[in-house]
Amino acid sequence: MIKKAKRRLFADIDLSDSGLLDYNGQKLTKSDCERAIEELEDKEKIEFYSHLASNFELNTFLANGSNELLNNLKQESIYKLPEFVNFISPFFASKIDHILLKSFQKGDYELFSSALRAEHLISKNDLNKAFKSLSNEIQQRINETDKLTKQIKEEISDYSDDNIDNVIQVIKSRFPTKFLNKLPIFFQSQINKIAASINFLQLNIWNEYNTTYVPVSLLEHLLELNIESVSKPTFEKNYSIVKKKHQERLEQEKNAPLLKEWAKILISIQEKVEDVENETFSATDALNFVKSTFDLDKLNSLPQFADEIRTQIGYSIRSMSIASWNKQSDIKNSLALIDYALKINVNKSAKEKFIQDRTELEELEKKYKGVLLCHFCESNTPDKGCEINTTIYKETSRSWFPRRSVQYTYSEITIPRCRNCKVVHSKGSNNYYLVFFGLLILGVIIGAATEGEHFITGGIIGAVAGWIVGKIIEGNQVKKGGIKDSSDSTLASHPLLVERTKSGWTFSKPTA
């Protein structure tokens with residue numbers, strides 16, 4: 001039967017115009033037919049050929065890749081035979097390879113899924129052949145994505161802030177998760193590479209463009225993939241970070257008018273920092289300006305979207321505090337400003353810096369007590385031109401023979417003082433001298449009017465009384481102002497002099 005059929009077949013080929021056999025769209029020569037006919041000598045293969053002769057859809061698919069088989073694939077008992085699968089696999093794999101590529105490119109999910117369901121008719125040895133074209137296509141798309149990432153990183157891409165959103169659709173079209181998640185384990189490595197490629201892309205977009213929407217959208221798409229990689233926790237962490245920033249951005253855009261108001265306040269404070277540094281704006285005025293510029297409770301009650309503006313305002317006040325000390329040596333207002341910054345709900349890092357600044361300022365305050373603050377009122381900063389200049393003395397040696405003599409050294413001391421204390425001290429001193437000289441003159445007049453010999457005595461009594469009353473008036477004036485007087489005993493307790501007085505220095509010149 002085979003020989004007779006062969007003779008008829010060859011006769012038909014000889015009689016054809018082309019000398020070829022048209023078999024389901026394929027042009028076969030006599031040699032092609034000869035090789036196939038020889039396989040009929042194999043009892044196993046003749047059984048397989050017999051099945052193909054009766055299974056029209058499978059036979060047609062193996063010949064020309066017709067889709068009918070995939071659309072209505074039935075489970076045949078012969079499909080369970082490894083020998084039969086090995087028999088048809090080379091032909092089946094080549095047709096599946098073509099269908100997978102075309103259906104993936106055209107977005108035909110139904111045909112794509114049908115082709116993958118027929119994987120059991122491909123031997124393991126032919127899987128590379130069946131998936132080669134699709135794998136190459138996916139790799140090419142990964143390469144294109146990596147190229148785009150490089151261009152963005154090097155700032156030579158065609159994208160800008162205005163059109164970077166288009167990348168989202170490009171990636172979604174390039175890597176459709178519905179198709180990729182349907183792929184067998186053979187493609188797992190490539191799926192992991194896709195995820196890594198998209199992650200690098202979003203990182204560079206995050207760094208180069210003013211957008212959070214694109215990175216978060218790309219990461220959402222990435223995490224829809226069936227990833228089996230050690231990098232997956234990293235992708236999830238990145239998504240968590242970016243999503244939080246994106247939500248903050250949305251909140252900021254929603255509250256843009258309110259943030260704009262606080263931004264103006266921030267700018268006004270920053271401008272005053274420069275004035276403090278240039279010493280055209282005093283530290284005292286700076287503190288009053290900060291307190292009057294914004295409502296502290298209102299700032300602290302703003303939602304989380306204002307965290308950044310809160311922290312920036314805190315840092316600006318800190319800069320004002322530093323300038324108050326560095327440029328104006330005003331420790332009091334410098335401390336007050338840093339205390340005010342500490343009342344703002346800034347982030348943990350800023351809070352720690354402010355606390356450290358305050359500690360350092362407190363140490364400076366202790367170190368330079370009496371210099372940085374007026375010793376007499378202990379509240380104001382000393383002013384130039386208001387100092388008290390005095391001389392102190394210390395005996396260095398004394399002798400009695402051959403005559404009494406004393407040797408001493410002296411030092412000119414300048415005691416810092418604020419303008420207010422100078423005024424109070426001046427009023428007390430003026431009253432003292434006025435009364436002193438008034439009673440002195442009165443004593444002289446009284447002494448002269450009584451008896452001539454009491455002229456000098458009356459003057460002395462008047463002078464003493466004047467001194468006593470003058471001192472009382474000066475003390476009352478100082479007490480009324482709530483400050484220390486300018487007496488030698490007060491000066492002796494000044495931090496600049498206390499150690500010297502302990503070691504024997506006095507305000508009176510030593511005498512022999």
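The dialogue below covers pockets, aromatic rings and salt bridges.

Q: What kind of model is this?
A: This is a predicted model.

Q: Where is empty space left, and how is that shown?
A: Rolling a probe the size of a water molecule over the atoms shows where empty space is left. In this structure, the largest pocket has a volume of about 1100 Å³.

Q: How many residues line the largest pocket, and which lie nearest its centre?
A: The lining has 29 residues. Nearest the centre are Tyr23, Leu28, Ala36, Tyr49 and Asn59.

Q: Which elements supply the lining of the largest pocket?
A: Helices H1, H2, H3, H4 and H6 each give at least two residues, and so do strands S1 and S2. The largest share comes from H3, with six residues. Sorted by class, this lining has 20 nonpolar, three polar and six charged residues.

Q: How much space lies in the second largest pocket?
A: The volume there is about 540 Å³. Its lining counts 23 residues, and Gln328, Thr381, Pro382, Asp383 and Lys384 are the closest to the centre. Helices H15 (283–293), H18 (331–342) and H20 (419–450) each supply at least two lining residues. By class, the second largest pocket is lined by six nonpolar, nine polar and eight charged residues.

Q: Now the rings. How many aromatic pairs are there in the whole structure?
A: A search finds 19 aromatic pairs. Take Phe281 and Phe289, which form an edge-to-face pair. Their centres are 6.3 Å apart, with 85° between the planes. Planes over 60 degrees apart count as edge-to-face.

Q: Is Phe281 buried or exposed?
A: Phe281 has a relative accessible area of 15%, so it counts as buried. The charged end of Lys272 sits over the ring of Phe281, 4.6 Å from its centre. Another charge over a ring is that of Lys178, whose end lies 4.3 Å from the centre of the Tyr109 ring.

Q: Which parts of the chain hold Tyr393 and Tyr408?
A: Tyr393 and Tyr408 form an edge-to-face aromatic pair, 5.9 Å centre to centre, with 75° between the planes. The pair links distant parts of the chain: Tyr393 is in strand S3 and Tyr408 in strand S4, 15 residues apart. Tyr393 is buried, at 14% relative accessibility. Tyr408 is partly exposed, at 32%.

Q: Which residues form one aromatic cluster?
A: Phe48, Tyr49, Tyr79, Phe84 and Phe87 do. Tyr49 also lies among the residues nearest the centre of the largest pocket.

Q: What can side chains of opposite charge do?
A: They can pair when their charged atoms come close. Here the count comes to 14 salt bridges.

Q: Where do Glu362 and Arg358 lie?
A: They are four residues apart in helix H19, so about one helical turn separates them. Glu362 is partly exposed, at 30%, and so is Arg358, at 23%. Asp339, Arg358 and Glu362 are linked in a network of salt bridges.

Q: How many residues apart are Arg419 and Asp383?
A: They are 36 residues apart, with Arg419 in helix H20 and Asp383 in the loop between H19 and S3. Their salt bridge has its closest N and O atoms 3.6 Å apart. Arg419 is partly exposed, at 49%. Asp383 is also partly exposed, at 23%.

Technical notes:
Residues are numbered from 1 along each chain as its sequence is written. This is a predicted model: local features need pLDDT of at least 70, side-chain atom pairs count only at pLDDT 80 or more; totals for chains, interfaces and linings use all residues. Side-chain values use heavy atoms; hydrogens and water are left out. On a 1 Å grid over the protein atoms alone, a cavity is a set of points where a 1.4 Å probe fits but cannot get out, and a pocket is an open set with protein on both sides within 12 Å along at least five of seven lines; lining residues have an atom within 4 Å of a point. Grid points are joined across faces, edges and corners, and a volume is the space filled by probe spheres set on the points. Ala, Val, Leu, Ile, Met, Phe, Trp, Tyr, Cys and Pro count as nonpolar, Asp, Glu, Lys and Arg as charged, and the others, Gly among them, as polar. Rings of Phe, Tyr and Trp (its six-membered ring) pair if their centres lie within 6.5 Å; planes under 30 degrees apart count as stacked, over 60 as edge-to-face and the rest as tilted. Buried means under 20% relative accessible area, exposed over 50%, partly exposed in between (1.4 Å probe, protein chains only). A charge sits over a ring if NZ of Lys or CZ of Arg is within 6 Å of the ring centre and within 35 degrees of the ring normal. A salt bridge is a side-chain nitrogen of Lys or Arg within 4 Å of a carboxyl oxygen of Asp or Glu.
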